[in-house]
Amino acid sequence: MSVQVVDIARSWIGTPYLHQASVKGGGCDCLGLVRGVWREVIGAEPEQIPRYSADWSEPQGVEVLYQAASRHLRAAHDQLDAPGQVVLFRMRDGAVAKHLGILARCDIQPSFVHAYSGHGVVESPLSTPWRRRIVARFTFAQG
């Protein structure tokens, strides 16, 4: 399944960034990308996504995205990189985790696919600064 997940994530590359959207080629944000890959790999989305703002859950300090990922994805407890894993990032120390990507390459030049404001869906190097921001890894496997 990991190759399928990576291929599907890469098929979203070039989709413009659009907050709260999840339409391949039309627009998406980082959560929208993961939602779109979910639909192609698993099927119907497991819950309705509430409207969310750019500062989603920051004022309250609640890990809303982490909790949702934990409900619907399988935690990768070994913490080893594997293609197709969904990675959750904390963008600043002390902030809630609220950026998602999908690992694409885990070799000498690791990369991940994500929807990034101002860039759309891109495949970026999983550089040391990005790697330090990883909070958790998940897979699409159910059960």
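Visitor: Is F138 buried or exposed?
Guide: This is a predicted model, and the answer rests on a value computed from it. The relative accessible area of F138 is 3%. Buried means under 20%, so F138 is buried.

Visitor: What about Y66: is it buried, exposed or partly exposed?
Guide: The relative accessible area of Y66 is 27%. Buried would need a value under 20%, and exposed a value over 50%. Y66 therefore counts as partly exposed.

Visitor: How are the rings of Y66 and F138 arranged?
Guide: A pair of aromatic rings is described by the distance of the centres and the angle of the planes. For Y66 and F138 the centres are 6.1 Å apart and the planes stand at 85 degrees. Planes over 60 degrees apart count as edge-to-face, so the arrangement of Y66 and F138 is edge-to-face.

Visitor: How many residues apart are Y66 and F138?
Guide: Y66 belongs to helix α3, residues 64–72, and F138 to strand β8, residues 134–139. The pair links distant parts of the chain, and the separation is 72 residues.

Visitor: Which residue has its charged end over the ring of W130?
Guide: W130 is part of the cluster of linked rings. A charged end sits over its ring, 5.0 Å from the ring centre. That charged end belongs to R133.

Visitor: Are helices α1 and α2 parallel, perpendicular or oblique to each other?
Guide: Helix α1 spans residues 2–11 and helix α2 residues 30–41, and their axes are 10 Å apart. They pack at an angle of about 130 degrees. Roughly perpendicular covers 65 to 115 degrees and roughly antiparallel begins over 145, so α1 and α2 are oblique.

Visitor: Which residues of α2 make the contact with α1?
Guide: α1 passes α2 in a right-handed crossing. On the α1 side, the contact is made by Q4, V5, I8 and A9. On the α2 side, it is made by L33, V37, E40 and V41.

Visitor: Is L31 buried or exposed?
Guide: L31 lies in helix α2. Its relative accessibility is 11%. The limit for buried is under 20%, so L31 is buried.

Visitor: And Q48: buried or exposed?
Guide: Q48 lies in the loop between α2 and α3. Its relative accessibility is 74%. Exposed means over 50%, so Q48 is exposed.

Technical notes. Residues numbered from 1 in each chain as written. Predicted model: local features only at pLDDT ≥ 70, side-chain atom pairs only at ≥ 80, totals over all residues. Heavy atoms only, no water. Phe/Tyr/Trp six-rings, centres within 6.5 Å; stacked < 30°, edge-to-face > 60°. Helix = DSSP H or I, 4+ residues; strand = E, 2+ residues; numbered from the N terminus. Buried < 20%, exposed > 50% of the residue type's maximum accessible area, 1.4 Å probe, protein only. Lys NZ or Arg CZ within 6 Å of the ring centre and 35° of its normal. Axes fitted to C-alpha atoms, helices over the stretch in contact; angles between N-to-C directions. Parallel < 35°, antiparallel > 145°, perpendicular 65-115°, else oblique. Left-handed = near helix turned anticlockwise from the far one by under 90°. Contact = heavy atoms within 4.5 Å.
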